[in-house]
Amino acid sequence: MAANGITAATVAVAKEGVMLAERGYGHRDSARRIPLPADAMFITASIVKPVTAAAIQKLARERKLALTDHVFCTGLNAPCWLARELQPALPDARVGAITIAQLLEHQGGWDADISGDPMQSEFDIQQSLGLSVPPQQDDIIRFVMRQQLDFVPGSTTAYSNFGYLVLGQIIEKASGSSYLTYVQDNIMGPLGIPKADFEVMRSLMRDRHPREPHYITTLMAPSVFVPGTTVLALDGAVRAENWAPAGQIISTAKAMTLFAAHYRIPDGVPLAGAKNNSGFSGADPGVATVLRQLPSGISYAVMMNKLDENNPSGDASYQLQILHRIEAVLKDAGL
């Protein structure tokens with residue numbers, strides 16, 4: 001932490017779903033006077049995507065949807081889920097071929113390196129649609145539907161935050177409840193995780209949860225709440241509720257560790273006693289996260305209050321460094 005300027009971090013480790021350690025390091029406040037508790041709430045960033053996948057998988061097991069269902073209704077591709085977002089006329093007919101399974105696997109047809117990431121473009125969406133308030137999920141979908149796909153659905157894989165926003169809408173339609181309520185009641189709650197430990201991130205810093213740490217970032221962006229102003233990227237550059245299924249959730253290291261003890265990463269299939277060797281990382285302005293499963297039955301999560309802004313993807317950054325350090329310690333301990 002000292003070497004990388006991180007002032008707040010939490011770590012939780014479990015074996016076979018039983019907690020071994022849950023600790024906070026550093027301080028909650030920028031003045032470094034309040035010690036960080038083990039149950040501090042951090043922005044999860046993308047390590048919540050496997051939770052979204054688990055919700056989809058549960059709905060599929062309950063036959064409330066099928067992974068082969070089409071996502072966007074064109075009138076010729078039933079069963080399908082989202083219809084009203086296609087008005088006016090759809091510019092790319094290939095959208096009608098997108099399935100729920102393809103969204104889970106980041107194969108829906110959108111490549112942020114080609115057409116941009118809507119999660120980082122809410123201000124542009126707001127301006128394009130002539131909105132005086134922050135865009136809602138339907139506005140974002142409507143904007144994206146005006147564009148051509150970047151590739152034929154299912155033909156390649158390109159990481160997509162937008163695809164997981166859409167999965168959140170499908171969860172709501174199939175379950176009849178909000179994304180947050182469904183996940184709290186059906187995925188996290190049965191693991192013993194209280195609702196207070198898994199919530200939607202607040203969009204503005206003034207509204208931050210009192211259990212959240214001070215996040216360290218210098219990244220700036222246009223505000224969608226006060227047009228014409230520039231703010232820290234985690235202080236109003238997006239409406240957080242839009243992106244809860246893709247990353248804008250706050251939770252604890254323990255909650256995410258217990259999730260990883262019971263559901264396979266990244267696809268959200270229940271482990272049911274099986275072992276898995278996989279992981280997921282998250283990166284947002286002011287936060288870096290790691291979620292891992294090991295063949296030994298160990299699961300762990302790390303949440304830190306600073307993104308390596310030189311390596312925002314997490315490659316070769318301190319996310320990878322901490323992963324290697326933790327797993328070396330676990331190996332030495334015979335775990």
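**View 1. Aromatic pairs in a predicted model.** Searching the whole structure turns up three aromatic pairs (Phe, Tyr or Trp rings, taking the six-membered ring of Trp, with centres within 6.5 Å; planes under 30 degrees apart are stacked, over 60 edge-to-face, the rest tilted). One of them joins Phe42 and Tyr215 edge-to-face, at 6.4 Å centre to centre with 75° between the planes. Phe42 sits in strand β3 (residues 42-43) and Tyr215 in the loop between β6 (198-200) and β7 (220-222), so this pair ties together parts 173 residues apart in sequence. Strands here are DSSP runs of E, at least two residues, and helices are runs of H or I, at least four, numbered from the N terminus. Phe42 is buried at 0% relative accessible area, and Tyr215 is buried too, at 6% (buried is under 20%, exposed over 50%, partly exposed in between; 1.4 Å probe, protein chains only).

**View 2. Phe259 and Tyr263.** With ring centres 5.1 Å apart and planes at 15°, this pair is stacked. Both Phe259 and Tyr263 are buried.

**View 3. The open sheet.** Three strands line up as β3-β9-β6, with antiparallel pairing (strands pair if DSSP finds at least two bridges between them). β3 and β6 are the edge strands, each pairing on one side only. Two bridges link β3 to β9 (residues 249-251), and Ile43 has Ile250 as its bridge partner in β9.

**How to read these views.** Residues count from 1 along each chain as its sequence is written. The model is predicted, so local features need pLDDT of at least 70, side-chain atom pairs 80 or more, while totals for chains, interfaces and linings use all residues, and side-chain values use heavy atoms, leaving out hydrogens and water.
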